[in-house]
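Subject: Structure handover, with notes on helix packing and salt bridges

Dear colleague,

I am passing on the structure we spoke about, and below it you will find notes on what came out of the analysis. Please read them with the coordinates open beside you.

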Amino acid sequence: MEYNEPVRQLFIDFKKAYDSVRREVLYKILIEFGIPRKLVRLIKMSLTGIYSRVRVGKIVSDRFPIRNGLKQGDALSPMLFNCALEYAIRRVQVNQDGLKLNGIHQLLAYADDVNIQGGSIHTLKENAEALVAATRETGLEVNADKTKYMVMS
């Protein structure tokens, strides 16, 4: 990438990010990342047997099981989500012709926010499609309405 050329950015938002993580896939990811199986079993135990109820006005529903996603407000949930997203990011084959910042390629992530950068719309689209495909395996789905495109020149 040369100086004084436009930089295209795609800010990706995921639909219900914590709620959509596939637990069984997450457990396999943790093992692949080298987390001891005993710890993975403890994590699995903490995510198993979760129930919820819905209240509308003064009426409360029967309890129902929550079988997918991570617990909102749980101290472990951000780390588990980061593992799922990191797994997807590692699977993306970043286009070698894309923009580099200090020699590093163009995919930035913080919490559930991902920014893909590129010098051309083609590179940006290619990398975005690769990320969408990789995140789909973990249960994450891109929220097209909240995903934004920007050009900086």
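On one side of helix H2, Lys-28 and Glu-32 are exposed, while Arg-23, Leu-26, Tyr-27, Ile-29 and Leu-30 of the helix are buried. Please keep in mind throughout that this is a predicted model. Seen down the axis of H2, the buried residues fall within an arc of 160°, so they line one face of the helix. The cover over these buried residues includes helix H3 (37-47), H4 and helix H5 (121-138). Just after H2, Gly-34 adopts a positive phi of about 90°.

The packing of H2 against H4 can be described in some detail. The axes of helix H2 (residues 23-32) and helix H4 (residues 77-91) come within 10 Å and cross at roughly 80°, which makes H2 roughly perpendicular to H4. On the H2 side the residues in contact are Leu-26, Ile-29, Leu-30 and Glu-32, and they meet Leu-80, Cys-83, Ala-84 and Tyr-87 of H4. Sorted by class, this contact has seven nonpolar residues, no polar ones and one charged residue.

Turning to the charged pairs, the count comes to five salt bridges, and I describe some of them here.

Within helix H4, Arg-90 forms a salt bridge with Glu-86, their closest N and O atoms being 2.9 Å apart, and these two residues are four residues apart, about one turn of the helix. Arg-90 is exposed, with a relative accessible area of 54%, whereas Glu-86, at 32% relative accessibility, counts as partly exposed.

A second pair joins Glu-137 and Arg-91, whose side chains meet in a salt bridge (3.4 Å, N to O). Glu-137 lies in helix H5 and Arg-91 in helix H4, so the pair ties together parts that are 46 residues apart in sequence. Both partners are partly exposed, Glu-137 at 33% relative accessibility and Arg-91 with a relative accessible area of 45%.

Asp-74 also forms a salt bridge, in this case with Lys-71, where the closest N and O atoms are 3.8 Å apart; the cut-off applied to such pairs is 4 Å. Asp-74 is partly exposed, with a relative accessible area of 26%, and Lys-71 is likewise partly exposed, at 27%.

How values were computed
Residues numbered from 1 in each chain as written. Predicted model: local features only at pLDDT ≥ 70, side-chain atom pairs only at ≥ 80, totals over all residues. Heavy atoms only, no water. Axes fitted to C-alpha atoms, helices over the stretch in contact; angles between N-to-C directions. Parallel < 35°, antiparallel > 145°, perpendicular 65-115°, else oblique. Contact = heavy atoms within 4.5 Å. Nonpolar A, V, L, I, M, F, W, Y, C, P; charged D, E, K, R; others polar. Buried < 20%, exposed > 50% of the residue type's maximum accessible area, 1.4 Å probe, protein only. Arc of directions from axis to C-beta.
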